[in-house]
Amino acid sequence: MLRKLFKFHGGVKPQTNKTQSTTEPIASVPLPDRLVIPLHQAVGGHPRPLVQPGDHVLKGQRIGGADGNLSSAVHASTSGIVRDVAQAVMPHTSGLTTLSVIIEPDGEDRWCELEKVNYRSTPPDELRDFLRDAGVVGLGGAVFPSYAKLKPGKEGKLKTLVINGAECEPFITCDDMLMRERASDMLKGIVAMRYMLQAEEVLIGIEDNKPEAVASVQAAIKASGETGIEAVAIPTRYPAGGAKQLIRVLTGIEVPHGRRSTDFGVQCFNVGTAFSIFEALEHGRPLISRLVTVAGNVTAPRNYDVLIGTPMDHLVRLAGPRPDTDRYIMGGPMMGVRMPGFDVPVVKATNCVLVGSATMFPAPPPEMPCIRCGECAKACPADLAPFEMYWFSRSKNFGKAQEYHLFDCIECGCCSFVCPSHIPLVDYFRFSKSEIWSREREKESADGARDRFEFKNFRQEREKQEKAEKLAAKAAATREKVATEGAATPAAADGEAAPKPKPSGDDAKRALIEAAMEKARQQKAQVAPKNTDHLAPDVEADIAAIDARRNAAPARAADTPDA
Amino acid sequence: MNNSPFVRKAASVQSVMLQVLLALVPAIAAYVWFFGAGILVQLAIASAAALAGEAAMLAIRGKPKALFLTDLSAVVTAWLIALTFPPIAPWWLTVTGTLLAVVVVKQLYGGLGQNPFNPAMAAFCLMIVAYPALMSQWPAAGQLDFKTQLDLIFGGLRQVDAITGATPLDALRTALRSAANPDSQLHGLRTSQLMDGPAFGLLGGKGSEWIALGYLVGGLWLIRQRIITWHIPAAFCGALFASALLLWGMRPDAFASPLFHLASGGAMLGAFFILTDPVSGATTPRGKLLFAAGAAIFTYVIRSFGAFPDGVAFATLLMNILVPLIDMKTQAPVFGHKKD
Amino acid sequence: MTGIALVLGAVLGFASIKFKVEGDPLVEKIDAILPQTQCGQCGFPGCRPYATAIADGEAEINQCPPGGEEGIRKLADLLGREFKPLSEEHGVEKPKSVAVIDEATCIGCTLCIQACPVDAIVGAAKQLHTIVAAECTGCELCLAPCPVDCITMEAITETVDTWKWRYPVVEIKAA
């Protein structure tokens with residue numbers, strides 16, 4: 001049956017460079033001397049560390065616990081000793097550090113006790129908790145916790161489950177090799193996901209430049225006897241592997257920015273994620289390794305099954321990097337991120353370590369002015385007008401940039417790829433987005449500060465008022481008391497005092513004030529020493545100095561006119 | 001070191017401009033064939049003036065000369081000026097026009113990519129207002145040999161009125177106006193009869209209609225090369241044809257035929273090479289259609305009722321003014337926000 | 001003429017009712033630019049009073065050190081006034097920081113709690129005080145009242161969540 005496919009706007013056709021790394025089967029990697037496992041590897045909250053330096057951990061043991069609404073656990077990739085739980089450089093362009101667990105492998109690679117689960121007999125919520133604690137996240141690059149996506153929409157079921165095997169980025173072949181070598185296991189993972197999502201049909205989208213993968217998946221479907229699952233070859237055009245673009249190609253549905261695809265009856269997972277779900281459910285193995293393509297400036301590009309936390313240079317060494325290597329890129333040449341060093345660890349998001357050199361990926365020619373030729377708009381898979389967004393981003397007119405749907409940009413790089421003026425358009429959009437986020441954070445905290453400041457003023461005002469009222473009430477009561485006493489006494493003594501109640505009232509007031517002042521004096525005398533009992537002599541000296549300053553303060557305050 | 005993407009398509013402003021220049025070659029060949037090699041001299045003068053003006057301005061503005069002179073954008077402007085000015089315009093007219101375009105209309109607005117108006121058309125309009133006579137004298141096809149043309153360009157004695165006439169477009173309009181006048185000899189003649197003279201060819205002007213065909217061929221090649229899109233040429237030709245058809249259909253004796261309009265003056269040059277200038281033109285697909293249709297209607301109105309021989313230049317400038325508004329109002333819905 | 005005057009007068013009158021603005025929009029706009037640190041370095045007891053003073057023309061726009069140069073530029077833009085460098089008598093621009101209480105030294109005197117303009121310090125008498133870092137504006141008003149000097153300012157360090165991409169513009173200049 002030929003399925004009707006849809007087109008997405010734009011897209012480009014860069015050189016795919018995929019054949020080089022698919023000649024050899026997936027290889028394993030010898031244990032490194034040291035694994036650096038960042039605790040925060042997925043979208044969502046930072047997992048809290050569950051181990052301490054000196055602890056012995058087993059392979060698959062949880063070392064970072066999920067924290068908060070959206071968070072995913074992290075596990076030891078092999079058995080060994082925890083050397084440190086400390087800040088380590090993370091695989092991110094910024095070169096910043098993040099809390100990581102550093103493990104020295106003991107060489108035994110011994111698994112901890114693994115807990116399996118039968119997905120058909122387990123309630124969905126428990127299943128999701130299980131996957132969260134198994135650390136399963138999207139392996140296509142977005143690393144969104146999978147458990148959070150394995151929830152059908154409001155209707156309790158889904159029309160289409162899309163499995164993303166498009167792998168449109170040049171050089172990367174880890175999904176291709178997974179589909180070639182592990183199709184039947186991957187398929188079992190897909191069947192489990194279909195069950196959890198109650199999906200009617202499953203479409204596995206694979207770019208037509210991977211005929212072996214298509215054939216392998218189709219054979220696996222046939223062998224399994226499952227129905228309603230189809231492997232669909234789609235035209236090769238970058239970025240067909242973008243989740244939104246792939247959903248569009250297979251179903252014709254466009255999921256807008258900021259909306260959930262389940263609202264449209266679709267959900268999309270990467271093939272690698274399907275495989276790790278299989279591993280977690282069937283064998284109880286948490287996500288501790290993944291397939292990584294090593295390609296680019298190496299003599300033997302290849303795919304490896306790599307433990308999370310393996311330093312990249314340890315891995316790249318196996319593929320024979322050429323001497324002029326000057327950078328590692330995590331991901332492909334279109335969307336990959338430049339690594340701050342060679343020893344950063346492989347993480348769950350690492351689908352490819354692209355080894356680069358100045359000759360392989362030369363710096364772009366000088367940036368010329370935009371001539372508004374519209375090539376970028378023609379290439380944009382999100383139907384945006386990048387040259388307009390560029391103009392507003394460049395002039396830091398962020399409001400306008402947002403009006404032109406800056407946040408619908410998926411940063412696929414097509415615009416920069418085609419620009420005849422060699423403008424790094426995506427850099428401008430990344431800049432604008434991070435600037436807008438930062439301003440929103442600042443505005444939020446400023447608004448919060450303003451509210452709290454105003455509330456404090458209001459509260460102080462209210463307290464003052466309440467105090468004044470209380471005082472007034474008390475004064476009235478006392479005056480009454482004094483007056484009745486005063487009136488009683490003279491009335492008993494002689495009648496002369498009776499016609500002059502006023503002075504007696506004045507006396508009463510004076511007495512009141514004096515009493516209050518005495519009380520205040522006492523209070524004041526009490527305050528300072530109370531706080532400073534049992535202190536070291538030098539601190540007491542400090543306090544004395546401060547007290548002196550404080551006593552001087554009212555005098556200063558009196559000089560300043562009220563604002 | 002740069003960020004992703006780390007690979008790029010081999011594309012540059014220079015290659016875009018070079019292809020535009022190549023696309024002008026068929027029309028230039030036809031020009032030379034029918035009107036002699038004088039146009040080549042004009043092209044050379046304009047190119048030299050444009051490069052000199054651009055170089056001087058780049059030096060003053062502290063911009064890298066090698067980078068911007070080799071982008072060829074100044075040469076494209078120069079060629080468009082040479083092709084729209086009369087081939088026998090004196091050299092200083094071409095030089096002044098070119099300098100105006102490059103220095104004032106382009107560089108003073110910020111150089112490449114920053115000019116709100118099409119430099120060649122702005123220069124044409126300024127010069128036709130300043131030198132209406134010199135800008136309206138065109139030789140007929142095959143009328144002047146190369147030496148005479150050189151004399152005229154480099155300032156021998158000018159008795160241009162005696163040897164040259166107006167463009168066919170101009171001539172026909174003058175004739176049509178006379179035909180409408182009861183006192184004129186031409187009174188009562190039909191358009192087809194008026195077009196019987198030596199200046200007219202099959203559709204437009206003799207010779208000039210072949211140049212128009214050259215522009216068409218070059219323009220279609222540019223579409224094939226994905227340098228320009230079909231929107232602007234199609235909308236311009238369509239709207240010009242439709243407006244001409246409307247009035248011609250009502251009064252064929254008083255107005256020129258739609259095909260005459262398409263084949264004459266700057267229609268083809270405008271449709272494929274001038275209005276398609278991305279810097280000063282509309283950029284959204286719907287915007288391009290509106291922009292070009294507007295330009296066509298202005299062109300037709302100016303040609304039929306205005307005081308100048310051709311309307312393409314003025315129409316271009318008028319529509320250039322509207323480009324920001326058109327672009328803003330015709331932004332296409334983005335992914336996921338389409339209504340269908 | 002009289003007719004026109006009457007009509008225009010009516011239109012203006014109507015407009016003034018129809019488009020009447022509540023409150024003082026200028027003060028709101030100025031207040032929105034101010035960083036809400038509430039530090040009082042400007043000489044006014046808080047950001048809003050300073051905003052009011054600017055709107056009334058009683059204060060210069062360059063008296064807010066936390067807002068820094070960018071803040072002054074924004075104010076200058078909004079008010080159509082000339083940009084001025086930050087007035088030195090009001091302080092210097094510092095990197096954004098938060099107050100941190102050394103809990104070993106704190107004696108629980110509550111003086112800092114009273115000084116904090118945004119209630120970002122929690123604690124009670126004779127109890128240890130802690131600063132809610134997320135709500136601290138870095139105004140430094142708690143430093144002076146502390147009798148044991150246990151509060152220090154720590155600059156906020158960049159994390160991956162707050163890291164920003166650089167402005168990519170590289171001006172092309174003649175070599």
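How many helices and strands does the secondary structure of chain A come to? Chain A has 15 helices and 17 strands, where helices (H or I, at least four residues) and strands (E, at least two) are DSSP runs numbered from the N terminus. This is a predicted model, in which local features need pLDDT of at least 70 and side-chain atom pairs count only at pLDDT 80 or more, while totals for chains, interfaces and linings use all residues. Residues are numbered from 1 along each chain as its sequence is written, and chains are lettered from A and ligands numbered from 1 in the order in which they are written.

**Chain A and its domains**

- Of the 563 residues of chain A, 45% are buried, a residue being buried if 20 or more other C-beta atoms, placed from the backbone, lie within 10 Å of its own.
- Among the contacts in chain A with a separation of 6 or more, 72% are between residues 24 or more positions apart; two residues are in contact if their C-beta atoms, placed from the backbone, lie within 7 Å.
- Chain A is divided into domain 1 (19-352) and domain 2 (368-489), with bounds from an automatic or database domain assignment.
- The C-alpha centres of domain 1 and domain 2 of chain A lie 36 Å apart.
- Their contact takes 7 residues from domain 1 of chain A and 9 residues from domain 2 of chain A.

**A sheet in chain A**

- Strands β13 (residues 289-296) and β14 (residues 302-307) of chain A run antiparallel and are joined by 6 bridges.
- A:Val294 has A:Arg302 in β14(A) as its bridge partner.

**Contacts between chains**

- The contact of chain A with chain B takes 42 residues from chain A and 30 residues from chain B.
- On the side of chain A that touches chain B, α12(A) gives the most, with 3 residues.
- By class, that side of chain A has 25 nonpolar, 9 polar and 8 charged residues; Ala, Val, Leu, Ile, Met, Phe, Trp, Tyr, Cys and Pro count as nonpolar, Asp, Glu, Lys and Arg as charged, and the others, Gly among them, as polar.
- Chain A and chain C each give 30 residues to their contact.
- From α13(A) come 14 residues, the largest share of the side of chain A that touches chain C.

**Nonpolar cores**

- The largest nonpolar core has 251 residues, and those with the most contacts inside it are A:Val353, B:Phe236 and B:Ala292; such a core is a set of buried Ala, Val, Leu, Ile, Met, Phe, Trp, Tyr and Cys residues joined through C-beta atoms within 7 Å.
- Helix α1 (residues 13-35) of chain B gives the most to this core, with 12 residues.
- Both domain 1 and domain 2 of chain A give residues to this core, so it lies between them.
- Another core lies apart from it, with 18 residues, among them A:Phe453 and C:Cys39.

**Confidence in chain B**

- The mean pLDDT of chain B is 88, and 88% of its residues reach 70 or more; pLDDT is the predictor's confidence in each residue, from 0 to 100.
- Among the elements of chain B, helix α8 (residues 160-163) has the lowest mean pLDDT (52) and helix α4 (residues 73-84) the highest (96).

Notes. Buried ≥ 20, exposed ≤ 12 C-beta atoms within 10 Å, placed from the backbone. Pairing = 2+ DSSP bridges.
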